[in-house]
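Please look over the sequence and the structure before reading on.

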Amino acid sequence: MATLSTAPEARQAPAAEESLGARRIGVPGLVFTIIAASAPLTVVAGGVPSNFAVTGLLGIPLSFAVLGVLLLLFSIGYGAMSRHVHNAGAFFAYIAKGLGRPAGVGASIVALISYNCMQIGIAGMFGFVFSSFLAGVMGLSLPWWVCGLCAWVVVGILGLNRVDLSAKVLGVVVTTEFLVVVVYDVIGLGTAPEGISADGLLPDQLFAAGVGAALVFSIAAFMGFESGAIYNEEVKDPRTTASRATLIAIVLIAAFYASSGWAMTMAEGPGGVIGRSQELGPDLMFAFLAEHSPIWFVDLANILFMTSLIAALLAFHNIVARYFFALGRERILPEVFARTSRRTGAPIAGSIAQSVLALVVMGLFVIAQPADADPLYPVVTLFTWLTNMGAFGLVLLMAMTSVAVVGFLRGFGREYSVWTRLIAPGLAALGLIGLFVLVIVNFSVLIGATGPSTLTWLLPAIVVVPGALGTAWALWLRATRPVVYAGIGTGGEMT
């Protein structure tokens with residue numbers, strides 16, 4: 001395994017085994033891949049009731065629309081930059097080109113940790129849900145970690161195959177998720193015990209005490225929307241596919257979550273949705289379906305809830321694998337991570353590395369699990385801690401990327417308007433910086449800490465401290481390995 005210290009000083013074009021499979025993903029496939037990371041059924045069934053329960057605010061549906069507008073502003077400059085920067089390490093490359101290579105390397109480490117946290121954390125939720133399903137339907141008692149390993153195997157195998165195969169699998173899963181939620185929405189609006197109203201979408205129901213926590217909970221539902229640019233080396237048209245898919249995905253996600261959250265408000269009644277959410281939590285949707293639909297449909301919804309989690313696991317696994325690839329290709333990490341499969345074009349070394357990391361982290365949580373642990377142990381620890389660590393890092397990266405976009409697009413005054421180059425990304429940067437502050441302020445709420453807790457500062461530190469070390473590493477490269485340093489953010493092409 002060649003490390004940075006033994007890499008040749010002369011920049012070289014990437015070898016065939018260091019190239020991703022090109023021109024395999026179109027706009028529809030990329031849209032499904034992006035949406036899969038946000039796990040639509042999981043958000044509606046689990047995230048929306050949890051937000052109602054924790055914040056006590058009726059305006060949760062409106063929060064998705066508000067965040068959708070913010071992310072659309074972000075995507076305007078982000079999409080413009082994606083036409084010029086084609087790199088599997090999207091945030092890393094964008095920040096390197098807009099804010100400088102040291103900041104880019106630091107951001108790459110934060111991204112690698114954050115996306116790994118999202119992927120591995122979701123495995124904890126899947127393990128719990130699958131274990132509970134087997135116990136309830138088949139009377140089979142399996143530990144959560146055994147069930148988590150089932151998803152680990154499936155995702156590991158798909159991650160080593162062609163990316164268009166993953167996109168097709170995700171397309172089927174996401175479509176069925178949407179259909180189940182649409183059925184729930186229709187039944188809920190048809191039931192509406194307090195009648196149809198605008199409750200849930202009124203500004204005064206969101207912008208009240210607790211709005212910060214509500215927005216922080218809701219932004220987690222969008223995580224992964226930015227992943228379109230990560231596939232820019234594998235899409236059919238690098239100049240347009242990623243930007244179009246990102247815009248479409250944001251509009252669909254925001255509209256879908258806002259409308260489904262409003263339908264949930266109507267289904268339970270504005271006067272009862274918060275209380276019912278606090279009573280039932282993620283079971284709220286399934287309890288409603290059990291009362292108003294055939295039992296087979298409830299079982300189907302539960303199965304699709306699990307496939308939704310697998311789809312999210314696969315989406316984040318693919319993102320992590322490509323970050324490993326991008327960092328290995330530019331010799332920031334050992335160059336073995338740049339290896340791809342000649343047969344499938346998949347970043348095989350990065351895929352294996354992500355699978356190994358997931359196995360190790362799950363193993364650590366299994367070892368740490370008390371003998372008398374609550375059945376919700378993998379949810380309140382592995383899932384809650386890691387996914388919120390991931391959201392913390394990704395919001396920080398989005399804020400940095402918005403600023404980087406302004407810096408990068410300064411040289412494209414004839415190609416893009418002031419709105420695209422400055423105003424939209426500038427507004428997005430301000431909004432995302434504010435949102436990041438809210439994440440910090442509400443982090444104890446996000447991880448369920450009821451008082452002062454070491455976890456409140458330790459978990460964010462695990463994300464950002466390695467990023468600071470990455471920046472220091474880049475500065476060392478600048479002083480000692482100028483050729484390697486000059487290639488940072490170039491995508492491994494000759495300079």
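## Terms and model

A residue is called buried when its relative accessible area is under 20%, exposed when that area is over 50%, and partly exposed in between (1.4 Å probe, protein chains only). This is a predicted model: local features need pLDDT of at least 70, side-chain atom pairs count only at pLDDT 80 or more, and totals for chains, interfaces and linings use all residues. Numbering starts from 1 along each chain as its sequence is written, and side-chain values use heavy atoms, leaving out hydrogens and water.

## Salt bridges

How many salt bridges does the structure hold? The count is two. A salt bridge here is a side-chain nitrogen of Lys or Arg within 4 Å of a carboxyl oxygen of Asp or Glu.

One joins Glu335 to Arg331, with the closest N and O atoms 3.4 Å apart. Glu335 is buried, at a relative accessible area of 14%. Arg331 is buried too, at 13%. The other pair is Glu268 and Arg276, whose closest N and O atoms are 3.1 Å apart. Glu268 is buried, with a relative accessible area of 11%. Arg276 is partly exposed, at 23%.

## A buried arginine without a partner

Arg421 sits in helix H15 (residues 418-441). Helices are DSSP runs of H or I with at least four residues, strands are runs of E with at least two, and both are numbered from the N terminus. Arg421 is buried yet has no salt bridge. Its nearest side chain of opposite charge, Glu415, is 9.4 Å away. For charge, Lys and Arg count as positive and Asp and Glu as negative, while His and the chain ends are not counted.

What lies 2.9 Å from a polar atom of the Arg421 side chain? The backbone oxygen of Tyr416 does. Leaving aside residues up to four places away in sequence, Arg421 touches Val406, Leu409, Phe412, Gly413 and Tyr416. Contact means heavy atoms within 4.5 Å.

## The nonpolar core

The largest nonpolar core has 154 residues. Phe91, Tyr115, Phe222, Met285, Tyr323 and Met398 touch the most other members. Helix H12 gives the most to this core, with 18 residues. Such a core is a set of buried Ala, Val, Leu, Ile, Met, Phe, Trp, Tyr and Cys residues joined through side-chain atoms within 4.5 Å.

Take Tyr115. Not counting residues up to four places away in sequence, Tyr115 touches Phe91, Glu226, Ile230, Phe316, Ile319, Val320, Tyr323 and Leu394.

## Cysteines

A disulfide is a pair of cysteine sulfur atoms within 2.5 Å. By this rule there are zero disulfides. Cys150 is partly exposed, at 38% relative accessibility. Cys117 is buried, with a relative accessible area of 8%.

Ala192 has a positive phi of about 30°, although it is not a glycine. Ala192 lies in the loop between helix H7 (163-191) and helix H8 (211-219). At 11% relative accessibility, this alanine counts as buried.

Arg331, the salt-bridge partner of Glu335, also has a positive phi, near 65°. Arg331 lies in the loop between helix H12 (295-329) and helix H13 (348-368).

How values were computed:
A polar contact is a pair of N or O atoms within 3.5 Å; within protein, one must be able to donate a hydrogen and the other to accept it, and residues adjacent in sequence count only if both atoms are side-chain atoms.
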